[in-house]
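Reader: Please take one part of this model and go through it closely. Keep it brisk, and show how that part connects to its surroundings.

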Amino acid sequence: MLDPAFVRDHLDRLEAALAHRGSDPAPVVAPLRELDARRRQLIQQVEGLKRDQNAASAEVARAKKDGRDASHMFDENKARGQQIKQLEAQLDEIETSRAALLMTIPNVPHASVPVGASAADNVEVRRHGEPRTFDFEPKPHWDLGPALGILDFERATRMSGSRFAVLLRDGARLARALIDFMLDLHTREHGYTEVEPPFLVNADALRGTGNLPKFEQDLFKIAGEWDLYLIPTAEVPLTNLHRGEILDGRQLPLRYTAYTPCFRSEAGSYGADVRGLIRQHQFDKVELVKFTTPDQSYAELEALTANAEEVLKRLELPYRTVLLCTGDMGFASAKTYDIEVWLPSQNTYREISSCSNTEAFQARRAGIRHRPHGTGKADFVHTLNGSGLAVGRTLIAVLENYQQKDGSVIVPEALRSYMRGIEVIHPPRT
RNA sequence: GGAGAGAUGGCCGAGUGGUCGAUGGCGGUGGUCUUGAAAACCACUGUGCCCGGAAGGGUACCGGGGGUUCGAAUCCCUCUCUCUCCGCCA
(Lines give C-alpha, C1' and ligand atoms only; values in the text may rest on other atoms or scores of the structure.)
Protein backbone atom coordinates (compact mmCIF):
# COMPACT_ATOMS: atom_id res chain seq x y z
CA MET A 1 0.00 0.00 0.00
CA LEU A 2 1.14 3.50 -0.74
CA ASP A 3 1.43 6.12 1.96
CA PRO A 4 -2.03 7.72 2.22
CA ALA A 5 -0.40 11.11 2.83
CA PHE A 6 1.67 10.70 -0.35
CA VAL A 7 -1.41 9.73 -2.30
CA ARG A 8 -3.32 12.77 -1.12
CA ASP A 9 -0.52 15.26 -1.66
CA HIS A 10 0.80 13.85 -4.93
CA LEU A 11 -2.21 12.68 -6.86
CA ASP A 12 -0.54 13.92 -10.05
CA ARG A 13 2.47 11.67 -9.47
CA LEU A 14 0.22 8.73 -8.74
CA GLU A 15 -1.69 9.43 -11.90
CA ALA A 16 1.53 9.44 -13.96
CA ALA A 17 2.81 6.29 -12.27
CA LEU A 18 -0.40 4.41 -13.04
CA ALA A 19 -0.29 5.50 -16.64
CA HIS A 20 3.34 4.36 -16.94
CA ARG A 21 2.32 0.99 -15.58
CA GLY A 22 -0.30 0.77 -18.29
CA SER A 23 -3.37 1.04 -16.10
CA ASP A 24 -6.04 3.69 -16.41
CA PRO A 25 -5.74 6.25 -13.56
CA ALA A 26 -9.26 7.61 -14.02
CA PRO A 27 -11.17 5.04 -11.92
CA VAL A 28 -8.69 5.56 -9.10
CA VAL A 29 -7.74 9.20 -8.91
CA ALA A 30 -11.15 10.89 -8.96
CA PRO A 31 -12.74 8.62 -6.33
CA LEU A 32 -9.69 9.04 -4.11
CA ARG A 33 -9.98 12.79 -4.28
CA GLU A 34 -13.68 12.67 -3.48
CA LEU A 35 -13.39 10.15 -0.64
CA ASP A 36 -10.60 12.13 0.96
CA ALA A 37 -12.57 15.38 0.96
CA ARG A 38 -15.68 13.72 2.39
CA ARG A 39 -13.60 11.89 4.98
CA ARG A 40 -11.97 15.04 6.29
CA GLN A 41 -15.27 16.84 6.49
CA LEU A 42 -16.80 14.04 8.57
CA ILE A 43 -13.81 13.78 10.87
CA GLN A 44 -14.03 17.45 11.68
CA GLN A 45 -17.74 17.16 12.45
CA VAL A 46 -17.37 14.08 14.62
CA GLU A 47 -14.38 15.32 16.55
CA GLY A 48 -16.06 18.63 17.25
CA LEU A 49 -19.03 16.81 18.76
CA LYS A 50 -16.77 14.57 20.79
CA ARG A 51 -14.94 17.54 22.17
CA ASP A 52 -18.24 18.97 23.41
CA GLN A 53 -19.23 15.63 24.85
CA ASN A 54 -15.97 15.26 26.74
CA ALA A 55 -16.30 18.77 28.12
CA ALA A 56 -19.82 18.01 29.32
CA SER A 57 -18.72 14.76 30.97
CA ALA A 58 -15.95 16.55 32.79
CA GLU A 59 -18.49 19.10 33.98
CA VAL A 60 -20.69 16.30 35.33
CA ALA A 61 -17.73 14.81 37.15
CA ARG A 62 -16.91 18.16 38.70
CA ALA A 63 -20.52 18.75 39.74
CA LYS A 64 -20.77 15.34 41.39
CA LYS A 65 -17.57 15.98 43.26
CA ASP A 66 -18.99 19.25 44.57
CA GLY A 67 -22.25 17.56 45.46
CA ARG A 68 -24.27 19.46 42.85
CA ASP A 69 -26.91 17.92 40.63
CA ALA A 70 -25.89 17.53 36.98
CA SER A 71 -28.74 15.48 35.60
CA HIS A 72 -30.04 18.42 33.53
CA MET A 73 -27.06 17.88 31.20
CA PHE A 74 -27.84 14.26 30.47
CA ASP A 75 -30.40 14.77 27.72
CA GLU A 76 -28.26 17.06 25.63
CA ASN A 77 -25.27 14.80 25.91
CA LYS A 78 -27.30 11.76 25.02
CA ALA A 79 -28.58 13.44 21.87
CA ARG A 80 -25.05 14.34 20.96
CA GLY A 81 -24.06 10.73 21.41
CA GLN A 82 -26.72 9.65 18.94
CA GLN A 83 -25.50 12.16 16.38
CA ILE A 84 -21.91 11.03 16.80
CA LYS A 85 -22.91 7.44 16.27
CA GLN A 86 -24.71 8.34 13.07
CA LEU A 87 -21.84 10.36 11.63
CA GLU A 88 -19.33 7.70 12.60
CA ALA A 89 -21.29 5.13 10.64
CA GLN A 90 -20.94 7.31 7.55
CA LEU A 91 -17.28 7.88 8.25
CA ASP A 92 -16.71 4.16 8.64
CA GLU A 93 -18.20 3.57 5.22
CA ILE A 94 -15.92 6.18 3.66
CA GLU A 95 -12.85 4.81 5.42
CA THR A 96 -13.64 1.30 4.27
CA SER A 97 -14.00 2.31 0.63
CA ARG A 98 -10.86 4.39 0.79
CA ALA A 99 -8.81 1.59 2.36
CA ALA A 100 -10.14 -0.92 -0.15
CA LEU A 101 -9.25 1.37 -3.02
CA LEU A 102 -5.75 2.01 -1.67
CA MET A 103 -5.15 -1.73 -1.42
CA THR A 104 -5.70 -2.11 -5.16
CA ILE A 105 -3.20 0.57 -6.22
CA PRO A 106 0.20 -0.74 -7.34
CA ASN A 107 3.52 0.64 -6.16
CA VAL A 108 5.02 3.75 -7.73
CA PRO A 109 8.08 2.88 -9.87
CA HIS A 110 11.46 4.21 -8.77
CA ALA A 111 12.92 7.11 -10.78
CA SER A 112 15.60 4.81 -12.26
CA VAL A 113 13.02 2.50 -13.85
CA PRO A 114 12.64 2.97 -17.61
CA VAL A 115 9.17 3.91 -18.78
CA GLY A 116 7.79 1.31 -21.16
CA ALA A 117 4.72 -0.64 -22.13
CA SER A 118 5.87 -4.25 -22.22
CA ALA A 119 8.76 -6.69 -21.89
CA ALA A 120 10.06 -5.31 -25.18
CA ASP A 121 11.00 -2.11 -23.37
CA ASN A 122 13.04 -3.80 -20.65
CA VAL A 123 16.70 -2.82 -20.57
CA GLU A 124 19.50 -5.38 -20.52
CA VAL A 125 22.03 -4.29 -17.93
CA ARG A 126 24.63 -7.06 -18.19
CA ARG A 127 25.43 -10.45 -19.68
CA HIS A 128 27.57 -13.24 -18.33
CA GLY A 129 28.92 -16.35 -20.07
CA GLU A 130 28.84 -17.36 -23.72
CA PRO A 131 26.06 -19.62 -24.93
CA ARG A 132 27.66 -22.87 -25.96
CA THR A 133 27.78 -23.84 -29.64
CA PHE A 134 26.47 -27.33 -30.31
CA ASP A 135 27.69 -29.66 -33.01
CA PHE A 136 24.30 -31.32 -32.88
CA GLU A 137 20.71 -30.14 -32.49
CA PRO A 138 20.21 -29.45 -28.74
CA LYS A 139 17.09 -31.13 -27.41
CA PRO A 140 14.48 -29.49 -25.20
CA HIS A 141 14.38 -30.73 -21.61
CA TRP A 142 11.00 -32.36 -22.15
CA ASP A 143 12.71 -34.77 -24.54
CA LEU A 144 15.95 -35.11 -22.59
CA GLY A 145 14.40 -35.71 -19.18
CA PRO A 146 12.00 -38.51 -20.09
CA ALA A 147 14.68 -40.16 -22.25
CA LEU A 148 17.00 -40.18 -19.23
CA GLY A 149 14.23 -41.64 -17.09
CA ILE A 150 14.45 -38.76 -14.64
CA LEU A 151 11.41 -36.72 -15.64
CA ASP A 152 7.86 -37.95 -16.24
CA PHE A 153 4.95 -35.77 -17.28
CA GLU A 154 2.45 -38.48 -18.22
CA ARG A 155 2.33 -40.14 -14.84
CA ALA A 156 2.05 -36.75 -13.11
CA THR A 157 -0.90 -35.88 -15.32
CA ARG A 158 -2.71 -39.06 -14.31
CA MET A 159 -2.66 -38.21 -10.62
CA SER A 160 -2.74 -34.39 -10.72
CA GLY A 161 -3.52 -33.15 -14.22
CA SER A 162 -1.61 -30.84 -16.51
CA ARG A 163 1.21 -28.61 -15.32
CA PHE A 164 2.57 -31.19 -12.90
CA ALA A 165 5.67 -33.32 -13.22
CA VAL A 166 7.40 -36.19 -11.48
CA LEU A 167 11.17 -36.17 -10.97
CA LEU A 168 12.78 -39.57 -10.60
CA ARG A 169 16.20 -41.01 -9.73
CA ASP A 170 18.98 -38.57 -10.67
CA GLY A 171 16.38 -35.98 -11.59
CA ALA A 172 14.99 -35.93 -8.07
CA ARG A 173 18.51 -35.99 -6.69
CA LEU A 174 19.54 -33.15 -8.99
CA ALA A 175 16.67 -31.00 -7.70
CA ARG A 176 17.68 -31.74 -4.12
CA ALA A 177 21.32 -31.02 -4.95
CA LEU A 178 20.38 -27.67 -6.45
CA ILE A 179 18.37 -26.75 -3.35
CA ASP A 180 21.22 -27.70 -1.03
CA PHE A 181 23.79 -25.96 -3.19
CA MET A 182 21.78 -22.72 -3.29
CA LEU A 183 21.01 -22.71 0.43
CA ASP A 184 24.62 -23.42 1.32
CA LEU A 185 25.85 -20.64 -0.94
CA HIS A 186 23.45 -18.06 0.48
CA THR A 187 23.85 -19.02 4.13
CA ARG A 188 27.60 -19.63 4.17
CA GLU A 189 28.83 -16.99 1.77
CA HIS A 190 26.11 -14.37 1.40
CA GLY A 191 25.03 -13.97 5.03
CA TYR A 192 21.42 -15.15 4.81
CA THR A 193 19.64 -16.94 7.63
CA GLU A 194 17.93 -20.16 6.60
CA VAL A 195 14.23 -20.51 7.39
CA GLU A 196 11.69 -23.24 6.92
CA PRO A 197 8.35 -21.43 6.96
CA PRO A 198 4.75 -22.65 6.76
CA PHE A 199 3.62 -23.55 3.25
CA LEU A 200 0.06 -22.52 4.06
CA VAL A 201 -0.68 -18.93 5.01
CA ASN A 202 -3.74 -16.86 5.87
CA ALA A 203 -5.29 -14.04 3.86
CA ASP A 204 -3.67 -11.33 6.00
CA ALA A 205 -0.22 -12.60 5.10
CA LEU A 206 -1.13 -12.49 1.41
CA ARG A 207 -2.55 -9.00 1.76
CA GLY A 208 0.76 -8.03 3.34
CA THR A 209 2.77 -8.99 0.30
CA GLY A 210 0.19 -7.66 -2.17
CA ASN A 211 -1.06 -10.99 -3.55
CA LEU A 212 -4.49 -10.15 -2.15
CA PRO A 213 -6.96 -8.68 -2.72
CA LYS A 214 -6.22 -8.29 -6.44
CA PHE A 215 -4.69 -11.62 -7.43
CA GLU A 216 -6.76 -14.26 -5.73
CA GLN A 217 -7.21 -16.03 -9.06
CA ASP A 218 -3.49 -16.86 -9.11
CA LEU A 219 -3.66 -18.71 -5.80
CA PHE A 220 -4.71 -22.15 -4.60
CA LYS A 221 -7.07 -21.87 -1.65
CA ILE A 222 -7.60 -24.74 0.78
CA ALA A 223 -11.14 -26.17 0.85
CA GLY A 224 -13.25 -26.35 4.01
CA GLU A 225 -13.43 -24.08 7.01
CA TRP A 226 -9.90 -22.85 6.52
CA ASP A 227 -8.93 -19.36 5.50
CA LEU A 228 -5.63 -20.70 4.17
CA TYR A 229 -3.82 -20.60 0.87
CA LEU A 230 -0.86 -22.53 -0.53
CA ILE A 231 2.05 -20.13 -0.81
CA PRO A 232 2.79 -18.93 -4.36
CA THR A 233 6.35 -18.13 -3.24
CA ALA A 234 8.37 -18.15 -0.02
CA GLU A 235 8.38 -14.36 -0.34
CA VAL A 236 5.00 -14.48 1.40
CA PRO A 237 5.96 -16.30 4.62
CA LEU A 238 9.44 -14.75 4.75
CA THR A 239 8.16 -11.20 4.40
CA ASN A 240 5.47 -11.91 6.98
CA LEU A 241 8.08 -13.29 9.36
CA HIS A 242 8.23 -9.84 10.99
CA ARG A 243 4.58 -8.86 10.46
CA GLY A 244 3.45 -6.36 13.08
CA GLU A 245 6.92 -5.98 14.56
CA ILE A 246 9.14 -3.02 15.31
CA LEU A 247 12.68 -4.09 14.51
CA ASP A 248 15.79 -2.64 16.08
CA GLY A 249 17.36 -0.54 13.32
CA ARG A 250 20.82 -1.60 14.44
CA GLN A 251 20.02 -5.19 13.43
CA LEU A 252 19.17 -4.23 9.86
CA PRO A 253 19.52 -5.40 7.23
CA LEU A 254 18.00 -8.79 8.01
CA ARG A 255 18.56 -11.38 5.28
CA TYR A 256 16.57 -14.60 5.04
CA THR A 257 16.56 -17.50 2.64
CA ALA A 258 14.17 -20.41 2.40
CA TYR A 259 13.56 -23.37 0.21
CA THR A 260 9.87 -24.02 -0.33
CA PRO A 261 7.59 -25.54 -2.91
CA CYS A 262 5.47 -22.86 -4.58
CA PHE A 263 1.91 -23.24 -5.83
CA ARG A 264 0.33 -21.14 -8.55
CA SER A 265 -2.93 -21.65 -10.36
CA GLU A 266 -1.53 -20.08 -13.55
CA ALA A 267 -5.04 -18.98 -14.41
CA GLY A 268 -5.11 -17.14 -17.69
CA SER A 269 -1.85 -18.61 -19.00
CA TYR A 270 -3.52 -21.41 -20.93
CA GLY A 271 -1.49 -21.13 -24.11
CA ALA A 272 1.87 -20.28 -22.57
CA ASP A 273 4.66 -22.78 -21.94
CA VAL A 274 2.34 -25.74 -22.04
CA ARG A 275 5.21 -28.16 -22.55
CA GLY A 276 7.85 -28.97 -20.02
CA LEU A 277 8.79 -27.72 -16.59
CA ILE A 278 8.82 -24.01 -17.30
CA ARG A 279 5.34 -23.23 -15.98
CA GLN A 280 4.02 -25.62 -13.35
CA HIS A 281 1.31 -25.48 -10.70
CA GLN A 282 3.91 -26.65 -8.20
CA PHE A 283 7.61 -25.85 -8.31
CA ASP A 284 10.57 -25.58 -5.99
CA LYS A 285 12.30 -22.32 -5.29
CA VAL A 286 14.98 -20.94 -3.02
CA GLU A 287 13.94 -17.44 -2.09
CA LEU A 288 15.87 -14.45 -0.75
CA VAL A 289 14.17 -11.78 1.38
CA LYS A 290 15.66 -8.73 3.05
CA PHE A 291 14.44 -6.16 5.54
CA THR A 292 16.42 -2.93 5.29
CA THR A 293 16.35 0.72 6.25
CA PRO A 294 15.07 3.01 3.48
CA ASP A 295 18.50 4.51 2.77
CA GLN A 296 20.08 1.09 2.17
CA SER A 297 17.42 -0.63 0.15
CA TYR A 298 18.67 0.11 -3.35
CA ALA A 299 22.23 -0.90 -2.52
CA GLU A 300 20.78 -4.08 -1.01
CA LEU A 301 18.77 -4.71 -4.18
CA GLU A 302 22.01 -4.67 -6.21
CA ALA A 303 23.61 -7.05 -3.71
CA LEU A 304 20.61 -9.38 -3.69
CA THR A 305 20.59 -9.54 -7.47
CA ALA A 306 24.31 -10.31 -7.44
CA ASN A 307 23.68 -13.07 -4.88
CA ALA A 308 21.17 -14.69 -7.22
CA GLU A 309 23.47 -14.28 -10.23
CA GLU A 310 26.24 -16.00 -8.30
CA VAL A 311 24.28 -19.26 -8.43
CA LEU A 312 24.39 -19.20 -12.23
CA LYS A 313 28.06 -18.20 -12.26
CA ARG A 314 28.95 -21.19 -10.09
CA LEU A 315 26.88 -23.47 -12.27
CA GLU A 316 28.56 -21.93 -15.33
CA LEU A 317 25.25 -21.18 -17.00
CA PRO A 318 25.08 -18.19 -19.36
CA TYR A 319 22.65 -15.50 -18.30
CA ARG A 320 21.71 -11.89 -18.68
CA THR A 321 20.19 -9.42 -16.27
CA VAL A 322 17.36 -7.18 -17.32
CA LEU A 323 15.92 -4.08 -15.69
CA LEU A 324 12.15 -4.29 -16.03
CA CYS A 325 10.33 -1.28 -17.45
CA THR A 326 7.32 0.32 -15.73
CA GLY A 327 4.84 -1.68 -17.81
CA ASP A 328 6.35 -5.09 -16.98
CA MET A 329 6.78 -4.81 -13.22
CA GLY A 330 4.87 -6.65 -10.53
CA PHE A 331 2.19 -5.00 -8.44
CA ALA A 332 4.24 -4.50 -5.26
CA SER A 333 7.57 -3.63 -6.81
CA ALA A 334 9.23 -0.23 -7.17
CA LYS A 335 12.15 -1.68 -9.12
CA THR A 336 12.80 -5.15 -10.47
CA TYR A 337 15.70 -6.96 -12.10
CA ASP A 338 14.97 -10.19 -13.90
CA ILE A 339 17.76 -12.69 -14.36
CA GLU A 340 17.35 -14.76 -17.51
CA VAL A 341 19.21 -17.99 -18.17
CA TRP A 342 20.15 -19.25 -21.62
CA LEU A 343 18.04 -22.14 -22.91
CA PRO A 344 19.63 -23.68 -26.03
CA SER A 345 16.48 -25.45 -27.20
CA GLN A 346 14.58 -22.18 -27.26
CA ASN A 347 17.61 -20.23 -28.47
CA THR A 348 16.79 -17.50 -26.00
CA TYR A 349 17.13 -16.28 -22.43
CA ARG A 350 14.31 -17.22 -20.06
CA GLU A 351 13.45 -15.76 -16.66
CA ILE A 352 14.93 -17.72 -13.78
CA SER A 353 14.83 -15.06 -11.07
CA SER A 354 13.07 -11.82 -10.31
CA CYS A 355 14.62 -9.47 -7.74
CA SER A 356 12.57 -6.57 -6.43
CA ASN A 357 12.66 -3.71 -3.99
CA THR A 358 9.11 -3.05 -2.80
CA GLU A 359 10.30 -0.14 -0.64
CA ALA A 360 7.71 0.38 2.14
CA PHE A 361 4.82 -0.98 0.05
CA GLN A 362 4.68 -4.38 1.74
CA ALA A 363 6.01 -3.13 5.07
CA ARG A 364 3.07 -0.74 5.32
CA ARG A 365 0.57 -3.49 4.53
CA ALA A 366 2.21 -5.93 6.94
CA GLY A 367 3.02 -3.36 9.64
CA ILE A 368 6.78 -3.92 9.69
CA ARG A 369 8.71 -1.01 11.18
CA HIS A 370 12.09 -0.27 12.69
CA ARG A 371 13.56 2.20 15.15
CA PRO A 372 16.54 3.80 13.43
CA HIS A 373 19.03 3.59 16.32
CA GLY A 374 17.13 1.30 18.65
CA THR A 375 15.27 4.34 19.86
CA GLY A 376 13.32 7.26 18.48
CA LYS A 377 10.50 7.24 16.02
CA ALA A 378 9.51 3.99 14.36
CA ASP A 379 9.43 4.02 10.57
CA PHE A 380 8.52 1.41 7.98
CA VAL A 381 11.32 -0.80 6.73
CA HIS A 382 11.93 -1.55 3.08
CA THR A 383 11.44 -5.15 1.98
CA LEU A 384 13.18 -6.86 -0.90
CA ASN A 385 12.77 -10.26 -2.42
CA GLY A 386 14.27 -12.34 -5.18
CA SER A 387 14.50 -15.89 -6.40
CA GLY A 388 17.81 -17.44 -5.66
CA LEU A 389 16.82 -19.35 -7.81
CA ALA A 390 13.79 -21.12 -9.23
CA VAL A 391 14.87 -24.75 -8.90
CA GLY A 392 12.82 -26.26 -11.73
CA ARG A 393 14.03 -23.75 -14.24
CA THR A 394 17.61 -24.16 -13.05
CA LEU A 395 17.24 -27.88 -13.53
CA ILE A 396 16.00 -27.27 -17.06
CA ALA A 397 18.98 -25.01 -17.74
CA VAL A 398 21.41 -27.64 -16.46
CA LEU A 399 19.85 -30.39 -18.58
CA GLU A 400 19.76 -28.34 -21.74
CA ASN A 401 23.10 -26.55 -21.46
CA TYR A 402 25.05 -29.60 -20.29
CA GLN A 403 23.52 -32.15 -22.68
CA GLN A 404 25.71 -34.29 -24.89
CA LYS A 405 25.06 -35.80 -28.27
CA ASP A 406 24.30 -39.27 -26.81
CA GLY A 407 21.57 -37.79 -24.59
CA SER A 408 23.60 -37.90 -21.41
CA VAL A 409 24.00 -34.79 -19.24
CA ILE A 410 27.19 -33.65 -17.55
CA VAL A 411 26.73 -32.65 -13.90
CA PRO A 412 28.12 -29.13 -13.28
CA GLU A 413 31.22 -29.30 -11.10
CA ALA A 414 29.68 -27.16 -8.41
CA LEU A 415 26.96 -29.78 -7.91
CA ARG A 416 29.02 -32.96 -7.90
CA SER A 417 29.68 -32.99 -4.19
CA TYR A 418 25.91 -32.79 -3.74
CA MET A 419 25.39 -35.68 -6.21
CA ARG A 420 27.58 -38.29 -4.57
CA GLY A 421 30.30 -37.49 -7.05
CA ILE A 422 28.25 -38.36 -10.12
CA GLU A 423 29.78 -36.62 -13.13
CA VAL A 424 27.35 -37.64 -15.85
CA ILE A 425 23.67 -38.56 -15.88
CA HIS A 426 23.28 -41.41 -18.35
CA PRO A 427 20.24 -42.80 -20.11
CA PRO A 428 19.05 -46.09 -18.64
CA ARG A 429 20.73 -49.17 -20.14
CA THR A 430 18.45 -51.06 -22.46
C1' G B 1 -12.24 -32.86 20.75
C1' G B 2 -12.84 -31.69 26.55
C1' A B 3 -11.50 -28.29 30.84
C1' G B 4 -9.30 -23.90 32.51
C1' A B 5 -6.24 -19.19 32.39
C1' G B 6 -4.91 -14.93 29.96
C1' A B 7 -4.32 -10.53 26.10
C1' U B 8 -2.45 -3.10 29.03
C1' G B 9 2.82 1.44 26.19
C1' G B 10 9.80 -0.78 22.97
C1' C B 11 9.74 -4.92 27.10
C1' C B 12 7.89 -6.58 32.11
C1' G B 13 3.94 -5.46 35.15
C1' A B 14 -0.24 -2.33 38.26
C1' G B 15 -5.02 -0.42 37.55
C1' U B 16 -10.98 2.10 42.21
C1' G B 17 -16.82 3.56 36.06
C1' G B 18 -15.41 10.03 36.36
C1' U B 19 -8.76 15.13 34.41
C1' C B 20 -6.06 7.52 33.10
C1' G B 21 -2.35 8.16 27.85
C1' A B 22 -2.85 5.23 31.96
C1' U B 23 1.30 3.83 38.97
C1' G B 24 5.95 1.30 39.01
C1' G B 25 10.19 -1.22 36.97
C1' C B 26 13.40 -2.34 32.72
C1' G B 27 15.27 -0.41 28.34
C1' G B 28 16.47 4.23 25.60
C1' U B 29 18.10 9.59 25.31
C1' G B 30 20.25 13.86 27.71
C1' G B 31 22.64 15.69 32.10
C1' U B 32 25.38 15.72 37.10
C1' C B 33 29.51 13.14 39.13
C1' U B 34 34.35 10.72 37.08
C1' U B 35 41.04 11.01 34.11
C1' G B 36 37.60 7.45 31.40
C1' A B 37 33.91 3.86 32.32
C1' A B 38 30.61 1.62 35.75
C1' A B 39 27.51 2.74 39.79
C1' A B 40 24.44 6.46 41.83
C1' C B 41 21.34 10.62 41.17
C1' C B 42 18.23 14.19 38.06
C1' A B 43 15.31 15.08 33.71
C1' C B 44 13.06 13.47 29.35
C1' U B 45 11.10 9.26 26.81
C1' G B 46 4.11 6.10 22.60
C1' U B 47 1.46 6.35 18.06
C1' G B 48 -2.37 7.41 14.29
C1' C B 49 -5.70 10.96 12.47
C1' C B 50 -7.97 16.17 11.98
C1' C B 51 -7.22 21.67 12.06
C1' G B 52 -3.01 25.10 11.71
C1' G B 53 2.31 28.53 7.99
C1' A B 54 4.07 27.59 12.74
C1' A B 55 3.45 27.66 17.83
C1' G B 56 -0.13 24.88 19.25
C1' G B 57 -5.07 22.86 19.64
C1' G B 58 -8.50 18.74 19.03
C1' U B 59 -9.55 13.52 18.74
C1' A B 60 -8.65 8.36 19.07
C1' C B 61 -5.94 4.13 20.77
C1' C B 62 -5.31 -0.60 27.27
C1' G B 63 -6.22 -7.95 21.57
C1' G B 64 -10.70 -7.00 17.42
C1' G B 65 -15.98 -5.79 17.10
C1' G B 66 -20.57 -4.56 19.50
C1' G B 67 -23.49 -3.05 23.91
C1' U B 68 -24.79 -0.62 28.87
C1' U B 69 -23.86 4.59 30.75
C1' C B 70 -24.17 11.63 30.91
C1' G B 71 -19.15 9.22 31.06
C1' A B 72 -15.75 2.58 30.04
C1' A B 73 -8.82 0.12 30.32
C1' U B 74 -12.51 -0.80 34.33
C1' C B 75 -19.43 -3.62 33.61
C1' C B 76 -22.03 -6.98 29.69
C1' C B 77 -21.99 -9.77 24.85
C1' U B 78 -19.14 -11.66 20.93
C1' C B 79 -14.91 -12.89 17.96
C1' U B 80 -9.71 -13.81 17.47
C1' C B 81 -5.23 -15.23 19.41
C1' U B 82 -1.89 -17.18 23.23
C1' C B 83 -0.84 -20.40 27.36
C1' U B 84 -1.78 -24.80 30.81
C1' C B 85 -3.96 -29.72 31.65
C1' C B 86 -6.54 -34.13 29.46
C1' G B 87 -7.56 -36.98 24.93
C1' C B 88 -5.92 -38.12 19.89
C1' C B 89 -1.83 -38.05 16.62
C1' A B 90 3.35 -37.84 12.45
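F331 counts as buried, because its relative accessibility is 12% and the cut-off for buried is under 20%. The model is a predicted one, and every value here is computed from it.

Start with the ring partners. F331 pairs edge-to-face with F361, with 5.5 Å between centres and 80° between the planes. F331 sits in the loop between strand 10 and strand 11, while F361 belongs to helix 11 (residues 361-366), so this pair ties together parts 30 residues apart in sequence. F361 is buried, as is F331.

F215 is another partner. The F215 and F331 rings are also edge-to-face, at 5.3 Å centre to centre and 70° between the planes. This pair links distant parts of the chain, 116 residues apart. F215 lies in the loop between helix 8 (203-209) and strand 6 (228-230). F331 lies in the loop between strand 10 (319-323) and strand 11 (335-343). How exposed is F215? F215 is partly exposed, because its relative accessibility is 25%, and partly exposed covers the range between buried, under 20%, and exposed, over 50%.

Put together, F215, F331 and F361 make one aromatic cluster. A search of the whole structure gives six aromatic pairs.

Now K214. K214 is in the loop between helix 8 and strand 6. With 39% relative accessibility, K214 counts as partly exposed. Setting aside neighbours within four places in sequence, K214 is in contact with T104 and F331. The T104 contact has a polar side: the backbone oxygen of T104 is 3.2 Å from a polar atom of the K214 side chain. As for A16, K214 is 198 residues from it in sequence and 21 Å from it in space, C-alpha to C-alpha.

T336 stands opposite S356 in strand 12. The hairpin of strand 11 and strand 12 has four residues between the strands, and N347 there takes a positive phi near 50°.

How many residues of strand 11 are buried? Nine of the nine are, so strand 11 is largely enclosed by the rest of the structure. In a regular strand, side chains alternate between the two faces of the sheet. In strand 11, K335, Y337, I339, V341 and L343 point one way. T336, D338, E340 and W342 point the other way.

Strand 12 covers residues 348-357 and contains N357. N357 is buried, with a relative accessible area of 0%. The side chains of N357 and S297 make a polar contact of 2.9 Å. Beyond residues up to four places away in sequence, N357 touches S297, Y298, L301, S333, A334, K335, H382, T383 and L384.

Now the nonpolar packing. The largest nonpolar core has 52 residues, and those with the most contacts inside it are L174, L178, M182, L312, L317 and I425. Helix 7 (residues 169-189) gives the most to this core, with nine residues. L178 is in contact with L315, V391, T394, L395 and L415, leaving aside neighbours within four places in sequence. A second, separate core has 27 residues, including F6, L18, V29 and A332.

Strand 13 (residues 369-371) runs antiparallel to strand 14, joined by two bridges. H370 stands opposite D379 there.

Last, the whole chain. Chain A has 13 helices and 17 strands. Of its 430 residues, 50% count as buried. Its C-alpha atoms fill a box of roughly 105 × 45 × 40 Å along the principal axes. Among contacts between residues at least 6 apart in sequence, 73% join residues at least 24 apart. The accessible surface of chain A is about 20,900 Å², with 48% belonging to carbon and sulfur atoms.

Key. Residues are numbered from 1 along each chain as its sequence is written. Chains are lettered from A and ligands numbered from 1 in the order in which they are written. Side-chain values use heavy atoms; hydrogens and water are left out. Two strands pair if DSSP finds at least two bridges between them. A nonpolar core is a set of buried Ala, Val, Leu, Ile, Met, Phe, Trp, Tyr and Cys residues joined through side-chain atoms within 4.5 Å. Buried means under 20% relative accessible area, exposed over 50%, partly exposed in between (1.4 Å probe, protein chains only). Contact means heavy atoms within 4.5 Å. Rings of Phe, Tyr and Trp (its six-membered ring) pair if their centres lie within 6.5 Å; planes under 30 degrees apart count as stacked, over 60 as edge-to-face and the rest as tilted. A polar contact is a pair of N or O atoms within 3.5 Å; within protein, one must be able to donate a hydrogen and the other to accept it, and residues adjacent in sequence count only if both atoms are side-chain atoms. Accessible areas come from the Shrake-Rupley method with a 1.4 Å probe; for residues, only the protein chains shown count as cover.
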